[in-house]
Amino acid sequence: GGGEPACLGLLQQLLSLASDAALATDLNTHAAIISLSCAILPGVAVSELELQAPPHSRTQHLPAFATMGSPKCRAACSGALLHVSRVLSVYWHVLEDVPPTARSAAATPLHADVPSPLKRRGKAVEGSPGHASTGAGSSSDSRQTDAERDKRSGSSSYASFTHLPGYCKLYEVIKSAHNNYKMSVCVLSEQRVSSVLKAALSGLCCLLEVLHTADVLPSLELLLQCCTAATFLLPQPAIKVAQQLVKCLFGSNLAAQWHTLCPPNTPVAAGTGTPPPAPVAPPASIHDCAVQLPLLQLNAEIQQLQRGHHPGVAGTSGCSRGGEVRQRQPHRAPHSARHTLGSYIRLFEPLVIKALNLYTVSSSVRLQRAVLELLVCLVHIRVNYCLLDSNQIFLRYVIKQLETIEEGHLKSADVLIPSLFEFLVAVSYERQHSRSIISVPKIIQLCDGLLASGQPPLSHCVLALGPLVEEVFVNGSGEGSASDAVAGGLGAEAAELATKREVLA
């Protein structure tokens, strides 16, 4: 940018207050400080992204927190992320009932070499009394392993707070509130213990939308461990943070695709010599505002689509329900970078397994929607769904849930239906899984069941058809879609796609 933003002084003052021991006892004020700080930073990032030129390449080296512009703003963003990480670390110690020590910021650091649950089960058998080795040898090996992990990962000391009086006081206050919460049925006790955690998780979601992958990697393991523990108290916000972490890691958040979604205005369209559309005159009447101006904007968008320069054609979408940025196709990183990022997916395994279990035991449709959105996000980065649900138990539960919706026994079904069918469409991508899971004709049949059930069409059938219509009509020729011709447009595949479109129409 061209100078420091006007809100920088306020932001620095908020961050200094956040670590003040005098405010540690006032949880509501602390939550408000976190919410305000994390709301200011995305605004600073967007204003800077509007001024920054697109990177020359996707592998171009960027400074830490580059979306914040000036060094002072980058330092403020780093401080805000560190503060949120320390608050989440405090909650991890409280919820897991682990006293904080000088060495631990959270649990034993996880890393790319963490085995799957089956391998851990095998190692547990080897570590049983019948397989125990000598005490001295095992203890020395354990110390050596811990040292190696600490050397590879910075998360063991990233959010340590035992040397900071403000966070130690906050830990004591939250621990006391949590003890009262476990022995009380009062709603106020739940609000007191969860107010700061809710603000931290919501603020972290805002920050992750405007950060790059390198900004998050130092705290990734810690954040995932804290989110897994937070599912006991606030499952929906914790799962939402996991989704934002996936988007941030694989370049499908706002910061990574800003210049794709909002390309800079250029005098001539690149490579075509076509001048941009004429500027629209400011509206002079209510008719111009309500009718004429939207029509002119729609006409300009259609012309860009016809010329092939619209950013959404290349695998990115616009905005979805509620103004949120939809899941976009991740950047194609080099092979080595993809291997490195792919190794971090294993760290999401405990949280994803817990999310699947929460879906089947919870009656909250908003929590279930958050779980489905997380699964869709993972499938979009080409995670094999068969590894998450090898026996398709979860998939059968989701399809069985549709029968409950058809009978009208599920309240607020309109909240869940779009995400549910978006999940079914996502797992129908045959090329991304080790075996066939569900076909598009089967999904169309499920939509027919909703239509024949007698439920209100606008709140059920139309919402169910939305993801399916988008897949077949919009992404039907896109790479890797469920209805894509596998070999680039074979006759049988094209005929099948035409049949699907005819059935939906």
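**Figure 1. Gln455 in the loop between helix 20 and helix 21.** With a relative accessibility of 18%, Gln455 counts as buried in this predicted model, since buried means a relative accessible area under 20%. The residue is placed in the loop that runs between helix 20 (440–452) and helix 21 (457–474). A polar atom of the Gln455 side chain lies 2.9 Å from the backbone oxygen of Glu406. When residues up to four places away in sequence are left aside, Gln455 touches Ile405, Glu406, Glu407, Gly408, Leu450 and His460, and one of these, Leu450, is also listed among the buried residues of helix 20.

**Figure 2. Helix 20 and the residue that follows it.** Helix 20 has 13 residues and reaches 18 Å from its first C-alpha to its last, which is close to the 18 Å expected at 1.5 Å a residue. Its buried residues are Val440, Ile443, Ile444, Leu446, Cys447 and Leu450. Because these residues cover an arc of only 155° around the axis, they lie on the same side of helix 20. Just after the helix, Gly454 takes a positive phi of about 85°.

Figure 3. Ala200 is found in helix 8, which comprises residues 187–208, and at 0% relative accessibility it counts as buried. Not counting residues up to four places away in sequence, Ala200 touches Ile34, Val84, Val87 and Leu88. For one of these contacts, the separation along the chain can be set beside the distance in space: Ala200 and Ile34 are 166 residues apart in sequence, yet their C-alpha atoms are 6.4 Å apart.

**Figure 4. The salt bridge between Lys175 and Asp97.** The side chains of Lys175 and Asp97 meet in a salt bridge, with a distance of 3.5 Å from N to O. This pair links distant parts of the chain, as Lys175 belongs to helix 7 (residues 165–183) whereas Asp97 sits in the loop between helix 3 (71–95) and helix 4 (117–126), 78 residues apart. Lys175 is partly exposed, with a relative accessible area of 23%, while Asp97 is exposed, with a relative accessible area of 57%. The backbone of Asp97 also deserves attention, for its phi is near 55°, a positive value in a residue other than glycine. Most residues other than glycine have a negative phi.

**Figure 5. The salt bridge between Lys240 and Glu373.** A salt bridge joins the side chains of Lys240 and Glu373, with 3.8 Å from N to O. Here too the pair links distant parts of the chain, with Lys240 in helix 11 (residues 235–249) and Glu373 in helix 16 (residues 365–380), 133 residues apart. Lys240 is partly exposed, with a relative accessible area of 24%, whereas Glu373 is buried, with a relative accessible area of 18%.

**Figure 6. The salt bridge between Lys400 and Glu403 in helix 18.** The side chains of Lys400 and Glu403 meet in a salt bridge with an N to O distance of 3.3 Å. Both residues lie in helix 18 (residues 393–406), three residues apart, which is about one turn of the helix. An α-helix has 3.6 residues a turn, so residues three or four places apart point the same way. Lys400 is exposed, with a relative accessible area of 51%, and Glu403, at 37% relative accessibility, counts as partly exposed.

**Figure 7. Ser412 in the loop between helix 18 and helix 19.** Ser412 is placed in the loop between helix 18 and helix 19 (413–426). The phi of Ser412 is near 55°, a positive value in a residue other than glycine, and at 41% relative accessibility Ser412 counts as partly exposed.

Figure 8. The secondary structure of the chain comes to 22 helices and zero strands, and buried residues make up 41% of its 505 residues. Of the contacts in the chain with a separation of 6 or more, 76% are accounted for by residues 24 or more positions apart. The chain exposes about 25,500 Å², of which carbon and sulfur atoms supply 58%. The count of salt bridges comes to four, among them the pair Lys175 and Asp97, the pair Lys240 and Glu373, and the pair Lys400 and Glu403.

Notes:
Residues numbered from 1 in each chain as written. Predicted model: local features only at pLDDT ≥ 70, side-chain atom pairs only at ≥ 80, totals over all residues. Heavy atoms only, no water. Helix = DSSP H or I, 4+ residues; strand = E, 2+ residues; numbered from the N terminus. Buried < 20%, exposed > 50% of the residue type's maximum accessible area, 1.4 Å probe, protein only. Polar contact = N/O pair within 3.5 Å; in protein donor to acceptor, adjacent residues only side chain to side chain. Contact = heavy atoms within 4.5 Å. Expected span 1.5 Å × (residues − 1). Arc of directions from axis to C-beta. Areas by Shrake-Rupley, 256 points an atom, 1.4 Å probe, with all protein chains shown as cover.
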